[in-house]
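I opened the model to look up a few packing details and wrote down what I found. The entries follow the order in which I looked.

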Amino acid sequence: MNLERVPNEEKLTLCRKYYLGGYAFLPFLWLVNVVWFFKEAFMKPVYTEQLQIKKYVKRSALGLLLWVTVLTTWITIFQRFRAEWGEVGDYLSFTIPLGIP
Amino acid sequence: YKDVTSISCVGCNSVEKKIYVNLNYTVPCVRLLNATHQIGCQSHLSGNVGVLHVLESEENLDWVLHSGLTPPYLVILESSLFTRSIMMKLKNGSSRVAGVAVVTPNANPSQGTSPHTSCPNENTGVYTENYDPTMARCNVTVWNPLGTGLSYEEFDFPIFAMKEDNDTQVIRQCYMDHNRAGNGSTPQYPLCAMQLYSHMSAVTDTATCMRRNNINFSLSPEMVCDPLSDFNVWASTRPLNNTAKGHKEGESVVLAAARLDSRSFFFDIAPGAESGVSGFVALLAAAHALRNATQEAPPPRNILYAFFHGETFDYIGSSRMVYDMEKNNFAVDLDNIHSVLEVGQVGLHAESRLWLHSDPVSRKNSSVNEEVKKLILRLQSAASGLNVSVEEPGFSQPLPPSSFQRFLRARPIPGVVIEDHRSAFTNSFYESMYDNAEYLNISYPPDLTPDEQLEYVTDTAKALTEVATVVARTLYIQAGGAESRLGSINADPQMVTRILYGFLVRSNNSWFQQLIPSDLVSHLSESRCFVYYLLDSYGRAPALISPPTLLVQYLLANLTGSTVNVSQDDCWNQRVEEQDKESKHMYSYLWVQGAAPPNSTERVGFCMRSAARLSKALSPAFDLHEYTSKDYSTWTESRWKTIKGRIFLVASHELEMLTLGVGVGVLLTSLMLTYIMSSKADILFSSGREPANATY
């Protein structure tokens, strides 16, 4: 969708929808929000709704950062220590590699 | 490689066939797991590639491990170099070793070597610290002094066995042409390389692999390992009601035991001529010799012949039978057993001497001691007049590894194990691929047809017949039979030589073909190798019985049973006629395809009635789900997807990187060109027309 031809109020509703949707354990919505509205929020000349859009984009970015940190930490720990966890590691896995511990 | 492929692949132009030569005969070493360890070999999922190197001597290892310039290497070993010291050095240098291929010779080596441990089954026998600390762990006698323990080591590269045939010549030629360092100069790329695939799915130990077998919610449930299992074969001279399990009042049974299985370092090669075949052939012949006597003048006690499977792997078969007896899941129980006579390794008896081993700890009890002494006296009187002498070792020595030890773990039963060694094994190829017919000196005069070879009585067969006669006569007196009949109990050398031929030389012979049903004929293979176990797909499908076990069952049925006039349909349904519901408790009925009468080609089948039955030989640890059990065998074998090997020429690493770099460069260049051309498109492709309106 080309944001050039969308009126500002609709831009604001879109941004808010994506921001609120991200709270349902959907960090990708926040990612999309940040990437899509970045130009609108920070690089376009000022218009009325821009302040609110800026707020939503900033908060989406924060949420995204939090998710990235948590997921990266968990994935690193799991990949590194799954073999040592034995039974627990096996029960947490969807696909267990063959032939290696 | 190039020349050979064009000969072997006429008219096909596939690029793959021009690069790779596939090996036809590949025998891998596979991974086995138990409660604590994993043993055997493993390769990468995409195979292990290594530059070929034919090892000339142990000093040459330095090239592979340190000074060679093109690691990793795939080492080709002659069988004389397949020793523990070389393999351990290769194992330690495994970052530079991609795999090992052992060329097995056509003749046995002159020096004895055994890949098994020096103290077989030391943890699951009867000699534990509790039973007698002085006798545990082979403190008194090291049974297998030539044992290197190679079969129980873990390697993280594949080890394959190859025969001395055309493929191996191709490999050597490839090495000579490309890899040979001539006159001090290092060999240049392209070099001859081999790739071996033997990726094993299971890992760590039995508990882990059984758990991974049973995980329910994974995306693609896969079986990674199978417990070792097969069937024991047993029969009794007086039929026992097999449906009424547990203690049988008034039954006193003499158990005659022998072992069926064997193994070697590699998968599926297990001739076991002296380790296993000699023992069970002697017992089969004894059972045959006793058929008439036990039917015409049945002795007071019953005789139970038991052939145990899986004894190599911590006594799977015998531990299962003892467990079944304890849980009242077998036709008799431990209280019914009067005594045990086991036939161990009896093929090699030098100077025709047999040794009678007994357990000194249980003999400290005077009543057990009396019974054992009586048994030994009966053995000696049975051997009198024959060309073989039996004696005790003469000093206090524990029992050799034998199924009888598992029975002793449960009860102090009097018993004797007959072996051909006084102390350590005389078998210098115990559980090795060289323990074959040649080792037992089974040789036939040249120019005999297979049928003539089948009937020719070799010297080994004659010697084994003597042993069988001793066993048969002893069993008869031990069961309470009359001494006067002893002279008429004789084993048949014709029978012995046929069975030896069938199990050690060629199993697809005319006699075996008569004894089995028609659907088993395809399982008889040309090359005789004893399958040592088969895998149970653990509850998901009926367990398969390996062909040798079935052969022993049909043989035992033929040698101890009798023909009955029953139709094929009734025979398959274990009944004599339509309404018969009782016969199946006492007898088992087997339909065999028989021989073709002289003037026709159709075989005339018949029904064999006997007391020969199968009983499951799966370690109790798997029924009890105790995968870390110390009392029972916990051996499992890993599953795998492909086992193959191929050779090809491999280029230097620099060349590969150069090719990749050039390819990436071409990609980037073309991307850049496309971008430049598309951004300057209006200049480059102007044709004077009005530009089209923006459509979007």
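The model is a predicted one.

**Entry 1: a helix pair.** I looked up how α7(B) packs with helix α13 (residues 493-504) of chain B. The angle is about 145° and the axes are 10 Å apart. The crossing of α7(B) and α13(B) is right-handed. From α7(B), I listed Ala273(B), Val277(B), Phe280(B), Val281(B), Leu284(B), Ala285(B) and His288(B) as making the contact. On the α13(B) side I noted Met495(B), Val496(B), Ile499(B), Leu500(B), Phe503(B) and Leu504(B).

**Entry 2: the cores.** I asked which residues touch the most other members of the largest nonpolar core. They are Phe280(B), Tyr305(B) and Phe307(B), in a core of 81 residues. Helix α7 (residues 273-296) of chain B gives this core its largest share, 13 residues. Another core, of 36 residues, lies apart from it; I noted Phe82(B), Phe155(B), Phe265(B) and Phe648(B) among its members. I then went back to Tyr305(B) and, leaving aside neighbours within four places in sequence, found contacts that include Trp234(B), Leu283(B), Ala287(B), Leu290(B) and Leu475(B).

**Entry 3: a sheet.** I traced an open sheet of 3 strands in chain B, in the order β19-β21-β20, with antiparallel pairing. Its edge strands are β19 (562-564) and β20 (588-592), each pairing on one side only. Neighbouring strands are turned by 40° against each other on average, direction ignored. I found 5 bridges between β20(B) and strand β21 (residues 606-610) of chain B. Val592(B) has Phe606(B) of β21(B) as its bridge partner. Helix α15 (residues 547-560) of chain B lies across β20 and β21, at about 105° to β20(B).

**Entry 4: a glutamate.** I located Glu153(B) in the loop between β7 (97-104) and β8 (154-155) of chain B. Met88(B) is 65 residues from Glu153(B) along the chain, and their C-alpha atoms are separated by 9.1 Å.

Definitions and conventions. Residues are numbered from 1 along each chain as its sequence is written. Chains are lettered from A and ligands numbered from 1 in the order in which they are written. This is a predicted model: local features need pLDDT of at least 70, side-chain atom pairs count only at pLDDT 80 or more; totals for chains, interfaces and linings use all residues. Side-chain values use heavy atoms; hydrogens and water are left out. Helices (H or I, at least four residues) and strands (E, at least two) are DSSP runs, numbered from the N terminus. A nonpolar core is a set of buried Ala, Val, Leu, Ile, Met, Phe, Trp, Tyr and Cys residues joined through side-chain atoms within 4.5 Å. Buried means under 20% relative accessible area, exposed over 50%, partly exposed in between (1.4 Å probe, protein chains only). Contact means heavy atoms within 4.5 Å. Two strands pair if DSSP finds at least two bridges between them. Axes are lines fitted to C-alpha atoms, for helices over the stretch in contact, and angles run from 0 to 180 degrees between N-to-C directions. A crossing is left-handed if the near helix is turned anticlockwise from the far one by less than a right angle, and right-handed if clockwise.
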